[in-house]
Amino acid sequence: MTTSHTATSLGGTASQALGLDPEVGRKLLAGIEAGLLRDLHVVLAARSEHVFLEYYTTGRDENWGAALGDVPFDAETLHDLRSVTKSVVSLLYGIALDKGLVPPPEASLFAQFPEYADLGADGDRSRITIEHALTMTLGMEWDEDRPYADPLNSEIAMEMAEDRYRFVLERPIIAEPGTRWIYSGGSVALVGAIIERGSGKSLPDFAREALFEPLDIATFHWSTGHDGVASAASGLRLTAPDLLKIGMLVLQKGIWRGQRIISEDWITQSLTPAIPTGDGLGYGRLWFCGDAPAPAFPDARPWYAGFGNGGQRLWLMPDADIAVVIYSGKYNEWDAWVAPNRIWREIILANFREV
């Protein structure tokens, strides 16, 4: 439950210079005060690296399911990304690939896990590639539709398993690899493991060295399971300004402050829809893909996003050079998508008027 809120936006002239309606901040607060936008913790939006909307509040929060009570959020407060973590892991794989530390996406997935040769010998499994893990098209049974408090939820069951990787790799094959999108934290656990094996570092250590330090991200936390393995699917915690930096890095096609952090080709391939999700969206390499209108454009333009349980969002629209971070406390609720979606479409994009 939110206990207080404040929002700031650039003055009218400055907002207009960025192509935004100067009333965008007032409109956000009006939506919150009207009860149309609930359970928000943070909204942070920038165009061309200039922040034009900033909202922080005090609200009830948790860390990977552990209650934290009421937390006063500001620019230095860590917040669960939940499954937005997956999109960050996509970037980490691209960086590792650029450095020659991991195989290309077309390489065999099971070849990276020789200790499970008994599983990899299966004809159907032998055709699975790393690309299938990156696009969640493994063709393996996986169920994250259940609540995350349910031990039968596949991600929770993976975290509780004696061997998380065998748990994922031995799931029954229910579709031809590459033909069906099945949301799977297990596929991302495999991607994280390949990064760790190739780099010789834990996922948090590799992230710190390869991505966070170049972006001047000094503080983060990565939750781990009972086996000490960092959750590649949902464990990362970042401040809103630092997640915004990651979004702006993607908008700049892998360059930050004049330094190439990740190859443009990886960014392009990651944001290219590889498979439909079944609900009108596409999915690239651990990024959701869609399109939306804005008054500045004559037609809908593509957007890309990381989505996380509870309403966590990193939205990007390259044609507008806009990045938006939303943190929310509506964990495990079926309608957690409503407020972030309305902010993106009805507050941010609807008030973007000039390119």
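1. Ground rules. The model is predicted, so local features need pLDDT of at least 70 and side-chain atom pairs count only at pLDDT 80 or more, while totals for chains, interfaces and linings use all residues. Residues are numbered from 1 along each chain as its sequence is written, and side-chain values use heavy atoms, with hydrogens and water left out.

2. How space is found. Rolling a probe the size of a water molecule over the atoms shows where empty space is left. Here the work is done on a 1 Å grid over the protein atoms alone. A cavity is a set of points where a 1.4 Å probe fits but cannot get out. A pocket is an open set with protein on both sides within 12 Å along at least five of seven lines. Lining residues have an atom within 4 Å of a point. Grid points are joined across faces, edges and corners, and a volume is the space filled by probe spheres set on the points.

3. The largest pocket. Its volume is about 1000 Å³. The lining has 30 residues, and Glu144, Asp145, Tyr148, Tyr183 and Trp334 lie nearest the centre. Strand 13 (301–308), strand 14 (312–317) and helix 13 (338–348) are the elements that give two or more residues to this lining. Strand 13 gives the largest share, three residues. Helices (H or I, at least four residues) and strands (E, at least two) are DSSP runs, numbered from the N terminus. By class, the lining has 14 nonpolar, seven polar and nine charged residues. Nonpolar covers Ala, Val, Leu, Ile, Met, Phe, Trp, Tyr, Cys and Pro; charged covers Asp, Glu, Lys and Arg; the others, Gly among them, are polar.

4. The second largest pocket. This one holds about 300 Å³. Of its 16 lining residues, Trp64, Arg82, Tyr148, Ile156 and Ser234 lie nearest the centre. Helix 7 (residues 154–160) supplies the largest share, three residues. The lining divides into four nonpolar, eight polar and four charged residues.

5. Cavities. There are three cavities of 30 Å³ or more. The largest cavity has a volume of about 60 Å³. Its lining is Met136, Leu138, Gly139, Met140, Glu141, Trp142, Val168, Ile182 and Ser184. Six of these count as nonpolar, two as polar and one as charged.

6. Aromatic pairs. A pair of aromatic rings is described by the distance of the centres and the angle of the planes. Rings of Phe, Tyr and Trp (its six-membered ring) pair if their centres lie within 6.5 Å; planes under 30 degrees apart are stacked, over 60 edge-to-face, and the rest tilted. The count comes to 15 aromatic pairs. In one of them, the rings of Trp142 and Phe167 have centres 5.9 Å apart and planes at 75°, so this pair is edge-to-face. Trp142 lies in the loop between helix 6 (130–134) and helix 7, and Phe167 in helix 8 (residues 164–169), so the pair ties together parts 25 residues apart in sequence. Trp142 is buried at 9% relative accessible area, and Phe167 is buried at 15%. Buried means under 20% relative accessible area, exposed over 50%, and partly exposed in between (1.4 Å probe, protein chains only).

7. Tyr283 is buried at 1% relative accessibility, and Phe288 at 10%. Ring pairs link Trp181, Tyr183, Tyr283, Phe288, Trp303, Phe307, Trp315 and Trp344 into a cluster.

8. Charges over rings. The rule asks for NZ of Lys or CZ of Arg within 6 Å of the ring centre and within 35 degrees of the ring normal. The charged end of Arg313 sits over the ring of Phe307, 4.3 Å from its centre. The charged end of Arg257 sits over the ring of Trp256, 4.3 Å from its centre.

9. Phe110. This residue is in the loop between helix 3 (84–98) and helix 4 (117–120). Phe110 is buried at 6% relative accessibility. Leaving aside neighbours within four places in sequence, Phe110 is in contact (heavy atoms within 4.5 Å) with Tyr116, Leu119, Gly120, Arg125, Ile128, Met140 and Leu169.

10. Two loops. Ser48 lies in the loop between strand 2 (40–47) and strand 3 (50–63). Ser48 and Asp321 are 273 residues apart in sequence, yet 5.5 Å apart in space, C-alpha to C-alpha. Asp321 is in the loop between strand 14 and strand 15 (322–328). Most residues other than glycine have a negative phi. Asp321 has a positive phi of about 55°, and Glu49 one of about 70°.
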